[in-house]
Amino acid sequence: MTTTESVLKVRGGKPLKGEITVRGAKNFVSKALVATLLGSEGESTLSNVPRIRDVGVVKRMLKLHGVTVTTNESKDVMTMNAQKVVNGEIKEIAQLAGASRIPILFCGPLLHRLGEAYIPDLGGCKIGDRPIDYHFGALRQFGAEIEKMEGAVRILAPDEGLKGAKIALEYPSVGTTEQVLLTAVLAKGVTELSNAAVEPEIIDLIAVLQKMGAIINVQTDRVIKIEGVDSLKGYNHTSLSDRIEAASWGCAALATGGDIFVRGADQLSMMAFLNVFRKIGGGFDIVEEGIRFYHPGGDLKSIAFETDVHPGFMTDWQQPLVVALTQAKGHSIVHETVYENRFGFTQALRDMGAQIQVYSDCLGSSACRFGARNFRHSAVINGPTQLKPKHIVVPDLRGGFSHLIAALAADGESLVEGIDLIDRGYENFGDKLEALGADVTYVQGSSSAGA
Ligand code: EPU
């Protein structure tokens with residue numbers, strides 16, 4: 001299905017059955033593309049690139065900074081040449097960046113290559129405040145100076161260049177860990193990062209940087225040590241697969257009583273998800289090519305779990321799983337500890353008949369940093385409920401895909417509006433839904449999907 005329309009009519013109530021393929025991880029590919037800026041010699045080639053809007057944004061950002069980017073015919077292999085890097089037009093960067101948070105990660109590479117960087121105010125999903133104070137704190141520790149401008153920030157490297165630093169993160173932030181890695185590899189001396197995030201996408205980024213010539217040691221207890229080198233070259237790498245998308249399809253299989261083989265799904269990066277999936281009664285078979293997720297019949301079981309940084313249960317798996325939990329028998333409890341405001345999407349599920357209450361208490365085994373701050377970050381889901389069809393407006397990427405799953409599980413015709421937001425992170429999901437036997441039609445509007 002090729003379309004530019006942004007409202008999907010979904011006639012739900014049919015189990016999704018069949019096979020789809022998941023390609024490279026959105027949250028790795030975008031960072032691996034930024035890393036190409038560090039390579040002053042040779043070309044970088046990245047394979048298993050998904051055709052999603054966020055990749056398109058980074059590709060255009062790279063071009064604005066003088067990097068040449070070519071793609072193969074099927075657009076899953078990208079080749080970048082960053083021998084000449086220039087500062088982009090701030091207005092153009094801002095226009096592009098509106099939809100993405102990736103520009104913040106351009107800082108380190110641009111400071112090394114050009115001595116200065118301009119970063120526009122950031123976009124991204126509305127799932128909390130999503131500040132960038134840790135990023136700026138880390139950059140300052142490397143010696144960068146940060147000046148606020150109208151709608152943007154100017155960052156300057158000192159004349160003698162950035163220096164390695166001892167950085168301790170208040171929280172194991174994924175983006176800040178990537179910021180430190182992308183900056184420390186060419187900084188003078190040694191950087192020691194403690195309380196680092198160690199998500200599989202970060203480890204894959206470290207693999208890319210090592211191919212480029214970096215020296216990075218991942219030590220025990222979330223400590224990463226980086227020894228700065230003088231220069232880096234291009235890389236050749238194949239992205240790890242998207243474990244968020246894979247889990248989303250797993251939840252869609254469960255919520256619709258279906259059976260989906262997700263080609264490309266990877267067990268090692270999904271272990272925490274698979275444990276929860278099994279505990280609630282979902283079936284899965286793991287083979288080399290992927291994972292088959294299915295509803296084995298009978299009742300699904302309720303569960304209590306909390307989201308966490310890796311190796312815990314990812315926050316991005318929470319929303320699709322909550323939809324599946326509306327079909328489980330009894331009370332399930334979900335404690336969201338990564339984002340303070342990631343249950344906004346449950347209002348649409350309540351409108352569809354789901355019984356979900358959200359609380360500001362930490363309803364988990366341990367108190368989190370949001371407990372005392374009145375954020376509604378715990379949810380109790382009582383099921384099973386037969387969901388009713390509804391006109392839904394997509395709030396954010398993961399919440400939006402979850403609404404789509406709910407519409408597919410609901411008996412009757414739903415309209416899901418604003419689905420172009422889902423194009424940011426789910427490749428060809430319309431085609432995939434059709435391949436799984438879903439009854440869906442695009443009905444109106446215009447979106448900007450594409451790579
Ligand atoms: N935080 C701060 N200050 C900062 C940075 C983060 O307080 O300077 C807080 C955030 O507000 C949040 C927590 O730290 O409460 C974790 O944020 P983190 O930095 O880890 O998230 P991120 O790098 O902005 C990436 C993914 C998210 C994913 C999170 C957690 C990308 C582009 N985004 O965000 O993915 O949820 O890590 O795994 O990699 C998505 O794909 O839909 C998505 C939101």
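Analyst: A residue is called buried under 20% relative accessible area, exposed over 50% and partly exposed in between, using a 1.4 Å probe and protein chains only. The model is predicted: local features need pLDDT of at least 70 and side-chain atom pairs count only at pLDDT 80 or more, while totals for chains, interfaces and linings use all residues. Residues are numbered from 1 along each chain as its sequence is written, and side-chain values use heavy atoms, with hydrogens and water left out.

The protein averages a pLDDT (the predictor's confidence in each residue, from 0 to 100) of 93, and 95% of the residues score at least 70. Over residues 446-451 the pLDDT is below 50, yet this stretch has 21 contacts (heavy atoms within 4.5 Å) beyond near neighbours in sequence.

Helices (H or I, at least four residues) and strands (E, at least two) are DSSP runs, numbered from the N terminus. H2 is mostly covered, as 10 of its 12 residues are buried.

Histidine 65 lies in the loop between H2 and E5. With a relative accessible area of 1%, histidine 65 is therefore buried. Leaving aside residues up to four places away in sequence, histidine 65 touches Leu37, Lys84, Val85, Val86, Asn87, Gly88, Ile93, Phe106 and Leu110. Histidine 65 and aspartate 411 are 346 residues apart in sequence, and their C-alpha atoms are 49 Å apart. H2 is followed by glycine 66, whose phi is positive, near 90 degrees.

Most residues other than glycine have a negative phi, and most peptide bonds are trans. Asparagine 374, in the loop between strand E22 (355-359) and E23, has a phi near 65 degrees; its relative accessibility is 60%, so it counts as exposed. Asparagine 428, in the loop between strand E25 (412-417) and helix H13 (429-435), has a positive phi of about 45 degrees. Its relative accessible area is 41%, so asparagine 428 is partly exposed.

Histidine 310 and proline 311 are joined by a cis peptide bond, with omega about 15 degrees, and proline 311 lies in the loop between strand E20 (304-306) and helix H10 (315-325). From glycine 383 to proline 384 the peptide bond is cis as well, with omega near 0 degrees. Proline 384 is found in the loop between strand E23 (378-383) and strand E24 (391-393).

Three strands form an open, antiparallel sheet in the order E7-E9-E8; strands pair if DSSP finds at least two bridges between them. The edge strands are E7 (116-120) and E8 (145-149), each pairing on one side only. Five bridges join E8 to E9 (residues 152-156), and lysine 148 has valine 153 in E9 as its bridge partner.
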